[in-house]
Amino acid sequence: MKILVCISSVPDTTSKINFTADKSAFDKNGIQWVINPLDEFALTKAIKLQESQGATVTVVNVGDAGTEAVIRKALAIGANDAVRVNAEAKDSFSVAKEIGKVAQDGGYDLILTGKESIDYNGGAVPGMVAQLLNIPFVNASVGLEVNGSEATAVREIEGGKETISVKLPAVVAGQKGLVDEKDLIIPNMRGIMSARTKALNVLEPSNSEVKVEAVSFDSVAPRAAVKLVSADNLDELVRLLHEEAKVI
């Protein structure tokens, strides 16, 4: 069984987000990069299938050489090898096209990914990959079991959960709950050392078509100063709520 896990390199949630002076791009200076947390759930699930079913696990990333530290961490977690498509991840379509090409050429049985990345929260890549490959797709999965050529996935829906059975190959986009948080793998020294010798294949992009372009970015407006009103001055509180906050 061959599993392809799609990983994205995203800013650590504690990083301070800034944009370039002309607001045309994200400022990468001083940013700590990590594996997209939702992709990490998918990767951990793949490692569990590796252990239980003898599967081989390949991670794929679309990005420049700056993403290789994150890819090496995925190898240290337990992936067998990795592929980096040497292209800037500009939009969901171009990323999905590259992942789809890698998946098709590699003949993978199962493609796992997070349901979205925490930087842009587009949530479009997994579905696009499935559509490009014309294979089944399960989104927002919180449970997954594989039995031969069939997978059973549990996904969250409004008001409950839904169990779906699909034939492989298929794309499954996971989220928190796909594995328990306590089961997320922290690389040990042995894993880190072995990651240095695992294959990381760099491929040139097969597609240059970009359908969406970011024109500009704006930071969230800073919070207004807090106004304190005396507990016995209800008239002033009502006035502020009506005239300034406009909630009454």
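Q: Contact here means that heavy atoms lie within 4.5 Å. Which strands does α1 lie across?

A: This is a predicted model, and in it α1 lies across β1 (2-6), β4 (56-62), β6 (110-114), β7 (137-147) and β10 (170-174). Relative to β6, α1 runs at about 145 degrees.

Q: In what order do the strands form the open sheet, and which strands stand at the edges?

A: As a general idea, the strands of a sheet pair through backbone hydrogen bonds, and this pairing can be either parallel or antiparallel. In this structure 9 strands form an open sheet with mixed pairing, and the order is β9-β8-β7-β10-β6-β1-β4-β5-β11. The edges are taken by β9 (160-167) and β11 (200-203), and because each has a single partner strand, one side of each is left without a neighbour in the sheet. From one strand to the next, the twist averages 30 degrees.

Q: How many bridges join β8 to β9?

A: Strand β8 (residues 150-157) is joined to β9 by 8 bridges, and the two run antiparallel.

Q: At what angle do α1 and α2 pack, and which residues make the contact?

A: Helix α1 (residues 37-53) and helix α2 (residues 68-77) pack at an angle of about 30 degrees, their axes being 10 Å apart, and the crossing is right-handed. On the α1 side the contact is made by Glu-40, Leu-43 and Ile-47, and on the α2 side by Lys-73, Ala-74 and Ile-77. Sorted by class, this contact has 4 nonpolar and 2 charged residues, with no polar ones. The buried residues of α2 include Ala-74 and Ile-77, and just after α2, Gly-78 takes a positive phi of about 145 degrees.

Q: Is Val-10 buried or exposed, and which residues does Val-10 touch?

A: Since buried means under 20% relative accessible area, Val-10, at 0%, is buried. Val-10 is found in strand β2 (residues 9-11). Setting aside residues up to four places away in sequence, its contacts include Trp-33, Asn-36 and Ile-118. The C-alpha atoms of Val-10 and Ile-118 are separated by 7.1 Å, although these residues are 108 residues apart along the chain. Asn-36, in the loop between β3 (33-35) and α1, is buried as well, with a relative accessible area of 0%. Beyond its neighbours within four places in sequence, Asn-36 is in contact with Ser-8, Val-10, Glu-116, Ser-117 and Ile-118.

Q: Which parts does the pair of Glu-68 and Arg-84 tie together?

A: In general, side chains of opposite charge can pair when their charged atoms come close. Glu-68 forms a salt bridge with Arg-84, with the closest N and O atoms 3.0 Å apart. Because Glu-68 lies in helix α2 and Arg-84 in strand β5 (residues 81-85), the pair ties together parts that are 16 residues apart in sequence. Glu-68 is partly exposed, with a relative accessible area of 25%, whereas Arg-84 is buried at 5%.

Q: Which residues are linked in a network of salt bridges?

A: Asp-180, Lys-182 and Asp-183 are linked in such a network, within which the side chains of Asp-183 and Lys-182 meet at 3.5 Å, N to O. Asp-183 is partly exposed, with a relative accessible area of 26%, while Lys-182, at 68% relative accessibility, counts as exposed.

Conventions
Residues numbered from 1 in each chain as written. Predicted model: local features only at pLDDT ≥ 70, side-chain atom pairs only at ≥ 80, totals over all residues. Heavy atoms only, no water. Helix = DSSP H or I, 4+ residues; strand = E, 2+ residues; numbered from the N terminus. Buried < 20%, exposed > 50% of the residue type's maximum accessible area, 1.4 Å probe, protein only. Axes fitted to C-alpha atoms, helices over the stretch in contact; angles between N-to-C directions. Left-handed = near helix turned anticlockwise from the far one by under 90°. Nonpolar A, V, L, I, M, F, W, Y, C, P; charged D, E, K, R; others polar. Pairing = 2+ DSSP bridges. Salt bridge = Lys/Arg side-chain N within 4 Å of Asp/Glu carboxyl O.
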